[in-house]
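Subject: Handing over a structure

Hello,

Here is the structure I promised to pass on to you. Please open it alongside this email, and then read on for what turned up in it.

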Amino acid sequence: MTVSREIPVATSSPYTVTVGQDLLPDVAASVPESAARVLVVSAAPLRSQVDALHRLLEERGLTVVVAEVPDAEAGKTAEVLAFCWQVLGKSDFTRSDIVIGLGGGAVTDLAGFVAATWLRGVGVIQVPTTLLAMVDAAVGGKTGINTTEGKNLVGAFHEPLSVWCDTRVLDALPRHDIVAGLAEVVKCGFIKDEEILRIVEDNLALLRADDAQTGSRADGHGSTAGLDEEARTVLTELIGRAVQVKADVVAADLKESFLREILNYGHTFGHAIEYTERYQWRHGAAVSVGMVFAAELAHLAGRLSEDEVERHRAILSGLGLPVSYPGHRWDALLTAMRRDKKTRGDLLRFVILAGIGNPVRLEGPDPALVQAAYAAISDHSPA
Ligand SMILES: NC(=O)c1ccc[n+]([C@@H]2O[C@H](COP(=O)([O-])OP(=O)(O)OC[C@H]3O[C@@H](n4cnc5c(N)ncnc54)[C@H](O)[C@@H]3O)[C@@H](O)[C@H]2O)c1
Ligand SMILES: [Zn+2]
């Protein structure tokens, strides 16, 4: 039996992230006594989980309304948001009622924003069901939707009442999505908790995606994770540690600033890949390449040793994540990096490591250095 872990997030309204198994009864029990109604926001792939939660909430005497929204990014739109408001209005939702987001990061982002905006803020309980949502999207209070102008441009900070990461639901997730989520876990290892790196290094065979390298979603979904007890134990530990890293960062600094920026390690170049690939790459795969790029950049800037750069490659490729990117795309990548919201004016900004666990900002580096880092991760094999 895997033990569960509880991670306190010490923000202005503190809450707890629980990582464990079969947590739906705890989720239902956590709805405050003052609530009479619950809106469950979810998407079709999670229907059986929603049904189980529905029953548990009704057993508690709560009135349950389910908003099944379009899956993935299709759910993060103004139209879907308006639909959720309509459901809340028709159900006479009051300030003491509760929203539960059950799904991947798209659902938790939407559910959080629904809760942030209804009556200027009602409570939200997050039940993330992908590894990425557990270690990133559902923790930290950022919520929002996409617009035709871009992703995540409209949103609000709205901390959840609690977050429940049930590793049992990861069984149904394609192994490639688990591995893509692990890129963010490894990121937490590089920026703040080296023990994460040691655990991943010791368990590469258990965690890796074997059939093909995790990259574009067009790779197909591959097999589902079907985690065994050993993998579940390791993942519980890793999720707990990654959540702890994010919790420490957001507790110290809820709004954007450099501390929060360290969570963007590997993301400037990673976002440029996502943009260049028209969002057909998994986020974690793009961030994986982005971290190797940042490591090469740090090495060229004299901040990181060659061994530490190789450690990036060994861990990420060991998991089945990509660590290189086709050459000859410099112009497109540079343009994409310049339009990244983290860029100030024309000056490029990166988070790099001055040693493992010591992230620093690199602002306005010589473009030749940046291009050299790109050359170091370029793959010149024919496409
Ligand atoms: N708020 C934040 O701080 C933050 C941080 C990172 C990412 N995000 C957001 O998170 C979103 C990406 O999240 P994601 O990677 O979880 O993608 P997602 O929410 O689109 O989910 C991916 C797919 O997996 C399905 N799914 C979810 N859980 C499943 C399960 N247990 N078994 C089988 N299928 C399952 C989903 O229905 C969907 O089809 C993006 O919208 C991104 O902007 C937000
Ligand atoms: Zn990310």
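Arginine 5 and glutamate 237 join their side chains in a salt bridge, 3.3 Å from N to O (the term asks for a side-chain nitrogen of Lys or Arg within 4 Å of a carboxyl oxygen of Asp or Glu). This bridge links distant parts of the chain, since arginine 5 is in strand S1 (residues 5–9) and glutamate 237 is in helix H9 (residues 229–252), 232 residues apart. Helices (H or I, at least four residues) and strands (E, at least two) are DSSP runs, numbered from the N terminus. Arginine 5 counts as partly exposed at 23% relative accessibility, and glutamate 237 counts as partly exposed at 27%. For these words, buried is under 20% relative accessible area, exposed is over 50%, and partly exposed lies in between (1.4 Å probe, protein chains only).

Before going further, please note that this is a predicted model: local features need pLDDT of at least 70, side-chain atom pairs count only at pLDDT 80 or more, and totals for chains, interfaces and linings use all residues. Residues are numbered from 1 along each chain as its sequence is written, chains are lettered from A and ligands numbered from 1 in the order in which they are written, and side-chain values use heavy atoms, with hydrogens and water left out.

Back to the salt bridges: the count comes to 23. One of them brings together arginine 60 and glutamate 33, at 3.8 Å from N to O. Arginine 60 lies in the loop between helix H2 (47–59) and strand S4 (63–68), and glutamate 33 in the loop between helix H1 (24–29) and strand S3 (37–42), so the pair ties together parts 27 residues apart in sequence. Arginine 60 is partly exposed at 30% relative accessibility, while glutamate 33 is exposed at 74%.

Arginine 349 also bridges to glutamate 261, with the closest N and O atoms 3.6 Å apart. Because arginine 349 lies in strand S11 and glutamate 261 in helix H10 (residues 258–261), this pair ties together parts that are 88 residues apart in sequence. Both arginine 349 and glutamate 261 are buried.

Now for the rings. The whole structure holds 5 aromatic pairs, where rings of Phe, Tyr and Trp (its six-membered ring) pair if their centres lie within 6.5 Å, with planes under 30 degrees apart counted as stacked, over 60 as edge-to-face and the rest as tilted. Among them is the edge-to-face pair of tryptophan 281 and tyrosine 325, at 5.7 Å centre to centre and 70° between the planes. Tryptophan 281 lies in the loop between helix H11 (267–276) and helix H12 (283–300) and tyrosine 325 in strand S10 (residues 325–326), so parts 44 residues apart in sequence are tied together. Tryptophan 281 is buried with a relative accessible area of 13%, and tyrosine 325 is buried with 0%.

Phenylalanine 293 and phenylalanine 350 form a tilted pair, 5.7 Å centre to centre with 50° between the planes. Phenylalanine 293 is in helix H12 and phenylalanine 350 in strand S11 (residues 349–353), so this pair ties together parts 57 residues apart in sequence. Both of these phenylalanines are buried, and Phe293 and Phe350 belong to one aromatic cluster with Phe269, Trp330 and Tyr374.

Enjoy exploring!
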